[in-house]
Amino acid sequence: MKFVFLGPPGAGKGTVAAKASGFFHAPHISTGDVFRNAIAAGSPLGLKAKDVIEKGLLVDDETTVSLVRERLEADDVKDSYILDGFPRTLPQAEALDGFAKTEWTIYFDVPDSVVIARLSGRLICRRCGCIWHKTYNPPTKEGVCDKCGGELYERGDDKPDAIRERLAAYNELTVPLIEYYRKKGLLAVIDTNRDVSLILEDMKKRCCP
Ligand code: AP5
Ligand code: MG
């Protein structure tokens, strides 16, 4: 199954993708993770994306589309994948239609207040990328990933100013994609203001009838 995960920052796209990826045998492709790995590695892509991401703005369409197009040429994603955080502009969605056939767009429906609370306490493992939350999904030992023992950190763009910019960019540039996919009959609206296991069950019901 070929999925697009669409939703505001902090909606839980990465958290659900980590679980759905196993169930649907669909590799998880997060453009945000690709950029963060490039920044950590100090690669040319990372140098280009660093300032933009820290300010909460979007990386340009050309750069983002070309990295996704290249990733989707690999063998492991011939039949299934989860695109998390891509597309997030109309030009990106139109470009994706030119080289891939989206089967389901999962829209993560969650109120703004929940998004802020989720982003404010998020922790990420520096080694395996596992996502934690200080209150909703805390690690057993403070600052340490239960899964791999790696160090947990707070994302640079989870600061109040950057969160404001990310929500503004989402509302201006990404929200129009809800209608774009609805018109194509590909949109599944999922209430993501509840436990991750219930979200996954709902996704299975909607997408594997
Ligand atoms: P990206 O990494 O994609 O960030 P985002 O879209 O802002 O989304 P997040 O990763 O912040 O949230 P999420 O929905 O994955 O939530 P999560 O599962 O972590 O992009 C980062 C930046 O890269 C962008 O701002 C942009 O600059 C650039 N970029 C990326 N893609 C781009 C593109 N296509 N074009 C241009 N630029 C691009 O969950 C959040 C927290 O909530 C966690 O702590 C988690 O534990 C908790 N949580 C999750 N689900 C639940 C639940 N059901 N109940 C309780 N807690 C929960
Ligand atoms: Mg994410």
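Predicted model: local features only at pLDDT ≥ 70, side-chain atom pairs only at ≥ 80, totals over all residues.
Residues are numbered from 1 along each chain as written, chains are lettered from A and ligands numbered from 1 in the order written, and side-chain values use heavy atoms, with hydrogens and water left out.

Of the 35 residues around the ligand, Thr15, Thr31, Leu57, Arg122 and Arg166 come nearest (near means a heavy atom within 4 Å). Now for some polar contacts, that is, pairs of N or O atoms within 3.5 Å. A polar side-chain atom of Thr31 sits 2.7 Å from a nitrogen of ligand 1, and a side-chain N or O atom of Gln92 is 2.9 Å from a ligand nitrogen. The protein covers 95% of the 1000 Å² of accessible area that ligand 1 has on its own (Shrake-Rupley method, 1.4 Å probe). Helix α2 (31-41) gives the most to the shell, with 4 residues; helices are DSSP runs of H or I, at least four residues, and strands are runs of E, at least two, numbered from the N terminus.

As for strands, three of them make an open antiparallel sheet in the order β6-β5-β7, pairing being called when DSSP finds at least two bridges. β6 (131-133) and β7 (152-153) are at the edges with a single partner each, so one side of each has no neighbour in the sheet. β5 (residues 122-125) pairs with β7 over 2 bridges, and Cys125 stands opposite Leu152 in β7.

Note on methods. Polar contact = N/O pair within 3.5 Å; in protein donor to acceptor, adjacent residues only side chain to side chain.
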